[in-house]
Amino acid sequence: MKKYLFILIFVILLIPKQVLAIVSPTDRFYVNDYANILSSETEDYIFNYSRELDSKTGSQIVVVTVPNLDGDSLEEYATSLFRHFQIGDEESDNGLLILLALEERSVRIEVGYGLEGILPDGKTGRIQDEYMIPFLKDNDYDSGILNGYKAFYQEVAKYYGIDAPTIEKEEEKTDSIDISAFVISLIIFIILIFIFTRRGKNRGMYIYPSFGGGFSSHSSGGLSGGGSFHGGGGSSGGGGSSRHF
């Protein structure tokens, strides 16, 4: 008996720290909010859409939030988590992991080889910068995760030719501000033309401002801004990107 106990203790000591530290899938698999930062509505949304995507394509998008990384690097933790969950189809390796570490204020997108073609590292980074980081910086973790999830879902859904929810891009929110600034600038410009023209008349001559530079610069500047679930056996390794907020 003592012999077996000694062997058990020895084996436990040999297990790498990160294997002991990483979390395990919940009974909802696609959404695992261990940091307790997601609303029930967001969890339901992710669960329902990921389940539908899985049933239609075999591709799996999984969201995991953790309080901290327990000393591991973000990349190593994400890779271990991806393999532990076995995200995506075993043959296609078409899984995607969205990992947020609250204490480290970091987020990592891990992509399986099967999705690397449509989601290279640069693109996953841009999606984070555009759809997630602005919310996460304001500690709006729920919106950041949900918005990022929708953006990645759109890319995967487009690849497989299935419907996806529409989302509003950050640039679209500033379009009205840009157009308003353009209109105000245009009004000021017209007023200045009128003032200079009137002064020219009073002095017996007309002053015609050049329309070649000033007006066109306003125009281009104003408008251009404008049950039980489990993994399929994926192994990751395709790539991804990390961000700190």
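These exercises look at aromatic rings and their surroundings in a predicted model.

Residues are numbered from 1 along each chain as its sequence is written, and side-chain values use heavy atoms, with hydrogens and water left out. Because the model is predicted, local features need pLDDT of at least 70 and side-chain atom pairs count only at pLDDT 80 or more, while totals for chains, interfaces and linings use all residues.

**Exercise 1.** Classify the aromatic pair of phenylalanine 29 and tyrosine 30, and decide whether each residue is buried or exposed.

Solution. Rings of Phe, Tyr and Trp (its six-membered ring) pair if their centres lie within 6.5 Å, and planes under 30 degrees apart count as stacked, over 60 as edge-to-face and the rest as tilted. The structure holds 9 aromatic pairs. In the pair of phenylalanine 29 and tyrosine 30, the centres are 5.3 Å apart with 75 degrees between the planes, which is edge-to-face. For the second step, buried means under 20% relative accessible area, exposed over 50%, and partly exposed in between (1.4 Å probe, protein chains only). Phenylalanine 29 has a relative accessible area of 0%, so it is buried, and tyrosine 30, at 2%, is buried.

**Exercise 2.** Classify the aromatic pair of tyrosine 149 and tyrosine 153.

Solution. The centres are 5.9 Å apart and the planes 40 degrees apart, which makes the pair tilted. Both tyrosine 149 and tyrosine 153 are buried.

**Exercise 3.** Which residues do ring pairs link into a cluster with Phe29?

Solution. Ring pairs link Phe29 with Tyr30, Phe47 and Phe85.
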